Amino acid sequence: MITILMLCPSAPAISTPIEIAVNQYDVSALLIDLKAAYGRYSYLFVDFPFGYKHKAIQEMVDKVIYVKTPLDICFARRLIRDFKGETTDNIQKMARHYLSFGRPIFIDYERFIIQDVDLVIDGALKSDENIEIIDTILP
């Protein structure tokens, strides 16, 4: 069973397998914005975790680029961003929760989503390097 945790009001129960949960997220606000912008620009980049997998949006998606960032880098970035001034005890609690709960979810999510992407780029590279790589698949 694959599950994913998303902290948003429309999120399905955490026990819902990701293959089912992906289409239970309410993306109506995103869809309105996409429809308003669609065709007005040469490119539209949307930070959306489900790529082609969400049925409500898949027809509007031309390319899916997955930024594959090693989980240790994600973890370190989160520590730096979210835990400034936190106590050692709070940081350790978060780290234990991540190892027992969050990390397995991220691994399952990646296994699910990466099946249907057009390009995988390395999240450890500098942004400029990834932009050059992305340029190779855009018309």
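Because the model is predicted, local features are reported where pLDDT is at least 70 and side-chain atom pairs where pLDDT is 80 or more, whereas totals for chains, interfaces and linings use all residues. Residues are numbered from 1 along each chain as its sequence is written, and side-chain values use heavy atoms, with hydrogens and water left out.

The protein contains 5 helices and 2 strands, where helices (H or I, at least four residues) and strands (E, at least two) are DSSP runs numbered from the N terminus. Read along the sequence, these elements follow the pattern α-α-β-α-α-β-α. The C-alpha trace spans about 50 × 35 × 25 Å along its principal axes. Of the contacts (heavy atoms within 4.5 Å) between residues at least 6 apart in sequence, 58% join residues that are at least 24 apart.

Of the 139 residues, 29% are buried; this term means under 20% relative accessible area, while exposed means over 50% and partly exposed lies in between (1.4 Å probe, protein chains only). The protein exposes about 9,500 Å², of which carbon and sulfur atoms supply 56%, the areas coming from the Shrake-Rupley method with a 1.4 Å probe. There are 15 positive and 19 negative side chains, and the centres of the two sets lie 5 Å apart. In this count Lys and Arg are positive and Asp and Glu negative, with His and the chain ends not counted, and the place of a charge is taken as NZ of Lys, CZ of Arg, CG of Asp or CD of Glu.

The structure holds 6 salt bridges, each defined as a side-chain nitrogen of Lys or Arg within 4 Å of a carboxyl oxygen of Asp or Glu. One of them joins Asp116 and Lys53, with the closest N and O atoms 2.6 Å apart. This pair links distant parts of the chain, 63 residues apart: Asp116 lies in the loop between helix H4 (88–113) and strand S2 (119–122), and Lys53 in the loop between helix H2 (28–37) and strand S1 (65–68). Asp116 is partly exposed at 37% relative accessibility, whereas Lys53 is buried, with a relative accessible area of 14%. Residues up to four places away in sequence not being counted, Lys53 touches Val22, Asn23, Phe112, Ile113, Gln115 and Asp116.

A further salt bridge is formed by Lys68 and Glu110, whose closest N and O atoms are 2.4 Å apart. It also links distant parts of the chain, since Lys68 is in strand S1 and Glu110 in helix H4, 42 residues apart. Lys68 is partly exposed, at 35% relative accessibility.

Within helix H4, Asp108 and Arg111 are 3 residues apart and therefore separated by about one helical turn; they form a salt bridge with closest N and O atoms 2.6 Å apart. Asp108 is buried, with a relative accessible area of 16%. Elsewhere, Arg78, Arg81 and Asp82 are linked in a network of salt bridges.

Helix H4 also holds Met94, a buried residue with a relative accessible area of 8%. Apart from neighbours within four places in sequence, Met94 is in contact with Phe75, Arg78, Leu79 and Phe83. Met94 and Leu79 are 15 residues apart in sequence, and their C-alpha atoms are 9.2 Å apart in space.
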